[in-house]
Amino acid sequence: LVVIGSSFIADRAESVGLPDVAPPVAVRTQTLTLEPGYRVVRGFVGQLEAAQQADLAFEAGGTLAEILVEEGDRVAKGAVLARTDTRALSADRDALMAARAALEAQLELAQLTLNRQEALEKQGFAATQRFDEARISVMELTARMDQTDAQIARVEVSLDKSELRAPFAGRIGARMADLGQTVGVGPPVLSQLEGAAPRLRVGLPADTALSLSDAHDAEAIFGQMRFPARLVYLRPDLDPRTRTRSAVFELELAQSDTGPAFGQSGQIRLTQEIEDAGAWVPLTALREGVNGSWTVLSVDAENRAALEAVELLHSDETRAFVRGSFADGTALIAAGPHRVVPGQSVDVLE
């Protein structure tokens with residue numbers, strides 16, 4: 001029975017044919033091109049500030065008589081923004097002008113007297129003492145007129161300082177005083193911000209700051225608004241709190257652009273060139289190796305899959321920049337490397 005059973009099983013096994021060979025796995029490939037380096041786009045958060053900002057105060061105290069601007073108004077350079085009460089200064093100026101007119105009349109009389117004394121002295125009819133007295137009188141009145149002119153000029157300066165003028169073109173910020181209020185020397189009355197060419201100040205790591213060149217181009221982003229930006233200056237010292245270097249970028253606004261508000265947070269995006277040879281591969285071509293390493297699969301001349309070890313240098317949303325054991329022009333399996341094992345025959349799709 002055992003012999004008969006074994007023969008029966010052997011006959012059945014011989015009657016079954018060998019299984020068909022599985023067709024090669026179809027894969028799509030891309031050619032790896034070695035490049036000398038890659039670009040990295042990095043973002044840094046900063047705050048928008050005015051190129052110039054000033055708290056404006058009067059150089060002389062007084063009662064605030066006029067405020068000609070409101071918060072948010074645009075003003076030109078030199079425009080009058082506010083005035084203090086100048087009635088006392090105007091009265092002083094009028095008094096000095098009257099005193100000058102009196103001195104001018106006295107000087108005219110003294111000059112006529114000097115001319116007569118000079119003519120009489122030449123004819124021998126006047127004493128030298130009288131001539132000297134007339135000459136000294138003219139000199140004294142001339143000096144008193146010069147003194148009065150200096151006093152008038154001083155009052156004019158005080159009148160000029162009673163007007164608060166815009167030091168540059170821009171917009172009015174805060175208003176710190178009201179009409180009728182007595183203002184002293186020093187406390188600000190208005191603040192002004194320069195409206196043109198706002199600047200974004202960001203903190204950069206030391207290595208990133210060293211890679212920036214003069215007038216480096218960048219992009220400033222404020223929500224949905226994007227503006228080209230240019231590096232204005234880079235501070236030479238490190239912030240002791242953040243250990244970063246402050247970089248200031250100037251926004252290039254068109255005439256129709258209103259721009260973001262001062263104090264608003266934004267982001268500066270910098271493009272850096274990294275010199276490190278490698279090639280770009282799609283993320284779908286990577287597969288995890290041992291001990292945290294990465295590998296890709298290439299296709300050799302015999303359409304067999306070969307394992308390539310790679311080092312990941314940089315990645316973005318869809319691709320990675322790697323270097324490894326592959327050569328320039330290698331055919332890389334671009335997707336689905338988990339379906340293939342090294343040494344397996346593959347069918348390369350067009």
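Two strands count as paired if DSSP finds at least two bridges between them. The model discussed here is predicted.

**Strand pairing**

Strand 13 (residues 217-222) and strand 14 (residues 225-238) run antiparallel and are joined by 6 bridges. In this pairing Asp-217 stands opposite Arg-230 of strand 14. The hairpin of strand 13 and strand 14 has 2 residues between the strands, and Gly-223 takes a positive phi near 65 degrees there.

Strand 14 is also joined by 6 bridges to strand 15 (residues 245-251), again in antiparallel fashion. On this side the bridge partner of Arg-230 is Glu-250 in strand 15. The hairpin of strand 14 and strand 15 has 6 residues between the strands, and Arg-243 in the turn has a positive phi of about 55 degrees.

Elsewhere, 4 strands form an open sheet with antiparallel pairing, in the order 8-7-5-10. Strand 8 (163-165) and strand 10 (182-183) stand at the edges with a single partner strand each, so one side of each lacks a neighbour in the sheet. Strand 7 (residues 80-84) is joined to strand 8 by 3 bridges, and Val-80 stands opposite Arg-165 in strand 8.

**Salt bridges**

The structure holds 21 salt bridges.

| Glu-59 | Lys-161 | 3.1 Å |

Glu-59 forms a salt bridge with Lys-161. Glu-59 lies in the loop between strand 4 (53-56) and strand 5 (62-67), and Lys-161 in helix 3 (residues 128-161), so this pair ties together parts that are 102 residues apart in sequence. Glu-59 counts as exposed at 55% relative accessibility, while Lys-161 counts as partly exposed at 34%.

Asp-149 is partly exposed at 28% relative accessibility, and Arg-100 is partly exposed at 23%.

**Second largest pocket**

Which residues line the second largest pocket? The lining consists of Arg-39, Val-41, Trp-280, His-314, Asp-316, Glu-317 and Arg-319. By class, 2 of these are nonpolar, 1 is polar and 4 are charged. The space in the second largest pocket is about 160 Å³. Asp-316 has a relative accessible area of 30% and is partly exposed; Arg-319, at 36%, is partly exposed.

Note on methods
Residues are numbered from 1 along each chain as its sequence is written. This is a predicted model: local features need pLDDT of at least 70, side-chain atom pairs count only at pLDDT 80 or more; totals for chains, interfaces and linings use all residues. Side-chain values use heavy atoms; hydrogens and water are left out. On a 1 Å grid over the protein atoms alone, a cavity is a set of points where a 1.4 Å probe fits but cannot get out, and a pocket is an open set with protein on both sides within 12 Å along at least five of seven lines; lining residues have an atom within 4 Å of a point. Grid points are joined across faces, edges and corners, and a volume is the space filled by probe spheres set on the points. Ala, Val, Leu, Ile, Met, Phe, Trp, Tyr, Cys and Pro count as nonpolar, Asp, Glu, Lys and Arg as charged, and the others, Gly among them, as polar. A salt bridge is a side-chain nitrogen of Lys or Arg within 4 Å of a carboxyl oxygen of Asp or Glu. Buried means under 20% relative accessible area, exposed over 50%, partly exposed in between (1.4 Å probe, protein chains only).
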